[in-house]
Amino acid sequence: MNNPIVKIGGRLALICAVAALVLGAVNALTEPQIARIKAEKLKAALETVSGGRKTGEAVAVDNDSVVDRYYPVYGDDDQIAGYVCRLLGNGYGGTIVILGGYDLKGTVLAAKMMDNEETPGLGKEAEKASYMEKYVGTGGDKPVPVRKSMLTTEQSDSVTGASITFMGVGKALQEGSRFVVSLEGK
């Protein structure tokens, strides 16, 4: 056992085993809290995007690359008044998750960007509520803006440097509008 390679290898294996145990313990301690925080963020976002109305249970969508799942939104008469769709768009940093609130005609009532890896100061601006205002009222009869030429000069200036994020959000909301119309209030 005087072989230095065996000694070094044994020490490294011991260090790796201790590190793995510590990481496993940290994961076991933090995982429930991370899940709780994500559930709270989702609940708050659903309330915001649905306009404070009652939302139903999530319905998974298997055959759509953009609409991941949807939540029926109920009006005061407990009838379906719209939907909130969980949308997967393509951003500069990868997949962006968006919650889009729609009426039954597919008009965007509200939107919120959730998980994303967009560039701070550019694409991350889409996390602000004011950023999503350019999409509100579109969909259904009015096209969702997916090109800068569809925006006012002021709105176009606000997405400069983050065109890919803008188009990714717009195309996802556009697909959500189409999906909601296809549901026909079901």
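The legends below describe close-up views of a predicted model. Local features need pLDDT of at least 70 and side-chain atom pairs count only at pLDDT 80 or more, while totals for chains, interfaces and linings use all residues. Residues are numbered from 1 along each chain as its sequence is written, and side-chain values use heavy atoms, with hydrogens and water left out.

**Figure 1. Lining of the largest pocket.** The volume of this pocket is about 210 Å³. A pocket is an open set of points on a 1 Å grid over the protein atoms alone, with protein on both sides within 12 Å along at least five of seven lines; its lining residues have an atom within 4 Å of a point. Grid points are joined across faces, edges and corners, and a volume is the space filled by probe spheres set on the points. The residues of the lining are Ile-37, Lys-38, Lys-41, Leu-42, Arg-69, Tyr-71, Arg-86, Val-97, Leu-99, Met-114 and Asp-115. At least two of the lining residues come from each of helix H1 (4–49), strand S3 (67–74) and strand S5 (94–103); H1 gives the most, with 4 residues. Helices (H or I, at least four residues) and strands (E, at least two) are DSSP runs numbered from the N terminus. By class the lining holds 6 nonpolar, no polar and 5 charged residues. Ala, Val, Leu, Ile, Met, Phe, Trp, Tyr, Cys and Pro count as nonpolar, Asp, Glu, Lys and Arg as charged, and the others, Gly among them, as polar.

**Figure 2. Lining of the largest cavity.** A cavity is a set of grid points where a 1.4 Å probe fits but cannot get out. The count comes to 1 cavity of 30 Å³ or more, and the largest cavity holds about 30 Å³ of space. Val-49, Ser-50, Arg-53, Val-73, Tyr-83, Val-84, Gly-101, Tyr-102 and Leu-109 form its lining. Two or more of these residues are supplied by each of S4 and S5. The classes are 6 nonpolar, 2 polar and 1 charged.

**Figure 3. Helix H4 and its buried residues.** H4 (residues 163–183) has 21 residues and reaches 30 Å from its first C-alpha to its last, close to the 30 Å expected at 1.5 Å a residue; the expected span is 1.5 Å times one less than the number of residues. Buried positions in H4 include Phe-166, Gly-170, Leu-173, Phe-179 and Leu-183. Buried means under 20% relative accessible area, exposed over 50%, and partly exposed in between (1.4 Å probe, protein chains only). The cover over the buried residues of H4 includes S3, strand S4 (80–91), S5, strand S6 (108–113) and helix H2 (129–132). Ser-177 of H4 counts as buried because its relative accessibility is 7%. Leaving out residues up to four places away in sequence, Ser-177 touches Tyr-102, Gly-106, Gly-139 and Gly-140; contact means heavy atoms within 4.5 Å. Just after H4, Glu-184 takes a positive phi of about 50°.

**Figure 4. Asn-116 and Lys-124 in the loop between S6 and H2.** Asn-116 is buried, because its relative accessibility is 9%. Its side chain reaches the backbone nitrogen of Glu-118 at 3.1 Å and makes a polar contact with the side chain of Glu-127 (2.9 Å). A polar contact is a pair of N or O atoms within 3.5 Å; within protein, one must be able to donate a hydrogen and the other to accept it, and residues adjacent in sequence count only if both atoms are side-chain atoms. Not counting residues up to four places away in sequence, Asn-116 touches Thr-95, Ile-96, Lys-124 and Glu-127. Lys-124 is partly exposed at 25% relative accessibility. Lys-124 and Ala-162 lie 38 residues apart in sequence and 8.7 Å apart in space, C-alpha to C-alpha.
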